[in-house]
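Here are a few exercises to work through with the structure open beside you. Try each one yourself before you read its solution.

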Amino acid sequence: MLTVPGSSQTIQARDLLQRVKSHIAPLLLENHVTKINTDPIGQANAQGLAISHEPGEIHVDIAKIFNRAKQSLPPISQMDGVEPDPDAMNAILHQISRTISGELMETISHESLHTHQYFDLFQKGEPFSGAEEKPAEEFGRQTRHRYDYA
């Protein structure tokens, strides 16, 4: 959960994750993803992870994504010097939700492609090291743009 400073309004991770999953459900099925694990990922530089010996499961560190969003919160607009302007607050909440949803969508899509790569490599009897990062990065970006979360 993220509470916007100067406001009692919150953004719920569960709501954003469910919305993203519903948008890309066919893509997840196509890429053999059956579970999204949202536990923290120990690698400092990773917000998503697909592991070859965990078929059908991807990891998305929602806490990292939310913490990055918290660090980049815009200043709150105050028009009367006392209370934040409701329209400005709603616009800020919308933009923060959109940014977090975009990160979730890109990360989930990226990792789902790795799951698909592992599945294909397994069927061919090839080593999992054949999974490539560049196509997954591009796939994540394309999916994010397709659903207009860029």
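The exercises below concern a predicted model and take its core, sheet and aromatic residues in turn.

**Exercise 1.** Find which elements supply the largest nonpolar core, and which of them gives the largest share.

*Solution.* Start with the core itself: it has 31 residues, and Val 60, Phe 66, Ile 100, Leu 104 and Ile 108 have the most contacts inside it. Next, look for elements that supply at least two residues each: these are α1 (13-23), α2 (25-30), β5 (57-60), α3 (62-71), α4 (86-124) and α5 (133-146). The largest share, 10 residues, comes from α4. Finally, zoom in on Ile 108: leaving out residues up to four places away in sequence, Ile 108 touches Leu 17, Val 20, Ile 24, Leu 28, Ile 36, Ile 58 and Val 60.

**Exercise 2.** Work out the strand order of the open sheet and its edge strands.

*Solution.* The 3 strands run in the order β3-β5-β4, with mixed pairing. β3 (35-37) and β4 (48-50) each pair on one side only, which makes them the edge strands. Now follow β4 and β5: they pair in the antiparallel sense over 3 bridges, and Leu 49 has His 59 in β5 as its bridge partner. From one strand to the next, the twist averages 25°.

**Exercise 3.** Classify the pair formed by Tyr 118 and Phe 128, and say which parts it ties together.

*Solution.* First the geometry: the ring centres are 5.5 Å apart and the planes make an angle of 75°. Planes over 60 degrees apart count as edge-to-face, so this pair is edge-to-face. Then the location: Tyr 118 lies in helix α4 and Phe 128 in the loop between α4 and α5, so the pair links parts 10 residues apart in sequence. Last, the accessibility: Tyr 118 is buried at 16%, while Phe 128 is partly exposed at 31%.

Notes:
Residues are numbered from 1 along each chain as its sequence is written. This is a predicted model: local features need pLDDT of at least 70, side-chain atom pairs count only at pLDDT 80 or more; totals for chains, interfaces and linings use all residues. Side-chain values use heavy atoms; hydrogens and water are left out. A nonpolar core is a set of buried Ala, Val, Leu, Ile, Met, Phe, Trp, Tyr and Cys residues joined through side-chain atoms within 4.5 Å. Buried means under 20% relative accessible area, exposed over 50%, partly exposed in between (1.4 Å probe, protein chains only). Helices (H or I, at least four residues) and strands (E, at least two) are DSSP runs, numbered from the N terminus. Contact means heavy atoms within 4.5 Å. Two strands pair if DSSP finds at least two bridges between them. Axes are lines fitted to C-alpha atoms, for helices over the stretch in contact, and angles run from 0 to 180 degrees between N-to-C directions. Rings of Phe, Tyr and Trp (its six-membered ring) pair if their centres lie within 6.5 Å; planes under 30 degrees apart count as stacked, over 60 as edge-to-face and the rest as tilted.
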